[in-house]
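Trainee: Hi! Could you walk me through this one?
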Amino acid sequence: MPYSPYFNPEYETLTRPELEALQLQRLQQTVRHCMNAPFYQNKFKELGITPDDIKSLDDVSKLPFTSKEDLRENYPYGLACVPLKDCVRLHSSSGTTGNPTVVLHTQKDLDEWANAVARCLWMVGSRPEDVFQNSAGYGMFTAGLGFQYGAERVGMLTVPAAAGNTLRQIKFIKDFGTTVLHAIPSYASRIYEVMKEEGVDPRRDTKLRVLCIGAEPHSEEQRRRIEENLGVKAYNSYGISEMMGPGVAFECPEQNGIHIWEDYFIVEIIDPVTLKPVPDGELGELVITTINREAMPLLRYRTRDLTRFLPGDCPCGRTHRRLARLQGRSDDMIILKGVNIFPIQVEKILLKFKEVSTDYLITLETKDGNDIMTVDVELSQLFTDDYGRLQSLEKEITRQLKDEILVTPKVRLLSKGSLTVSDEKKAVRVKDLRKLF
Ligand code: ADP
Ligand code: ZN
């Protein structure tokens, strides 16, 4: 019998009213369960509400927000809603923007998490016949074990290669016949570069078919570049440790927005200043309430990630709402000469040029009282050593960047290997030296 296109058809294709009824029931249960944490008891007291006040999904707006700072202040176990003896694992976030936060899991939480990741992997066409390789770090980083259990749940043969050692990574891809790979986008590009150096042609010498890329912002242009280079379909994977890790939202075969699993989460998009919902379809901060977690449910968690709802039904048949590609974190937003700029806007322009690679770094500094932006980008191997050509390329990139971000950066084209890229960590795209003075 052919496989179903859905891993959990009973949940993925619920009608809107069915999905919302399930959400309400799970929300009410979660809110009552949260009262096991003194943190939420106090917050409810402050707001003068009780769990009984949550009568409809709209009542989510009555609930308190939870922030990264709340998790840091109550580090490590302050938000536990079950006794520690019922928890079987903890993970922490990567700590990209400060002290890592800790998240606890019961066995049921881990089972649900594996199911969510399996649902995502299945959605992009992974089947038990596939060989799945994970190049994320195993350990506290959720993308290691998160993808591992999800891929096993699908029934794939798994290769827990873990992070780094690119030559070994490539050897595994070839020797084990890896068809589905998970890599953060900056690392996917690195794998390709090393393949090229080693004379490995991904189309000829590997069976790679599907790539799951996530954990850091990346532009549509970067995705297309990765797809072209590696001869794969690449799907956007959105994960956040506080919600569990990977498996929160993922692209479907339509490659048009990421479905966020609404039987697991209630999703809001708010204005980070007024804390009110933005008009439907506008950019704002993603706020998520978990509705099926035991150890550490979180109410209205402020992710600081910026996105918007995509309108309309998805042709794939899944009824869970879609979010637009993440624009980046509010923390990543650069304010230069009064203009708001996201690194992903710079990336989008750079990658229009085949002559440059996906490795770039934005540096902000103050010179003679003026804030200036320098964009360093490595040349790709395609480039011929022609000085005149180099100059006109720099000029054209500068012009297009100015059109996009409204300030004129200084663009420097560097030879391959000039920028240090980590094999294991999320790429650093911005160095702000202004803060030092
Ligand atoms: P940290 O916040 O310390 O990096 P996590 O490892 O939990 O810890 O990473 C979650 C964050 O990574 C998200 O909040 C988001 O900013 C970023 N992220 C994850 N997946 C994506 C994605 N597909 N696109 C853009 N950003 C992503
Ligand atoms: Zn879809």
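Mentor: Happy to, and let's start with a term: buried means under 20% relative accessible area, exposed over 50%, and partly exposed in between (1.4 Å probe, protein chains only). This is a predicted model, where local features need pLDDT of at least 70, side-chain atom pairs count only at pLDDT 80 or more, and totals for chains, interfaces and linings use all residues. Residues are numbered from 1 along each chain as its sequence is written, and side-chain values use heavy atoms, with hydrogens and water left out.

Trainee: Okay, is C252 buried or exposed?

Mentor: C252 counts as buried because its relative accessibility is 0%.

Trainee: And which residues coordinate the zinc ion (ligand 2)?

Mentor: C252 (SG), H259 (NE2), C314 (SG) and C316 (SG) do, at 2.1 to 2.3 Å. Donors are N, O and S atoms within 2.8 Å of the metal (3.2 Å for Na, K and Ca), and water is not among the atoms, so sites may look incomplete.

Trainee: How are the donor residues spaced in sequence?

Mentor: The pattern is C-x6-H-x54-C-x1-C. C252 sits in the loop between β8 (245-251) and β9 (258-260), and C314 in the loop between β12 (301-307) and β13 (322-323), so this pair ties together parts 62 residues apart in sequence. Strands (E, at least two residues) are DSSP runs, numbered from the N terminus.

Trainee: Are C314 and C316 buried or exposed?

Mentor: C314 counts as buried, because its relative accessibility is 7%, and C316 counts as buried at 13%.

Trainee: New topic: how many disulfides are there?

Mentor: A search of the whole structure gives 0, a disulfide being a pair of cysteine sulfur atoms within 2.5 Å. For C120, the nearest cysteine sulfur belongs to C212, 8.6 Å away.

How values were computed
Chains lettered and ligands numbered in written order. Helix = DSSP H or I, 4+ residues; strand = E, 2+ residues; numbered from the N terminus.
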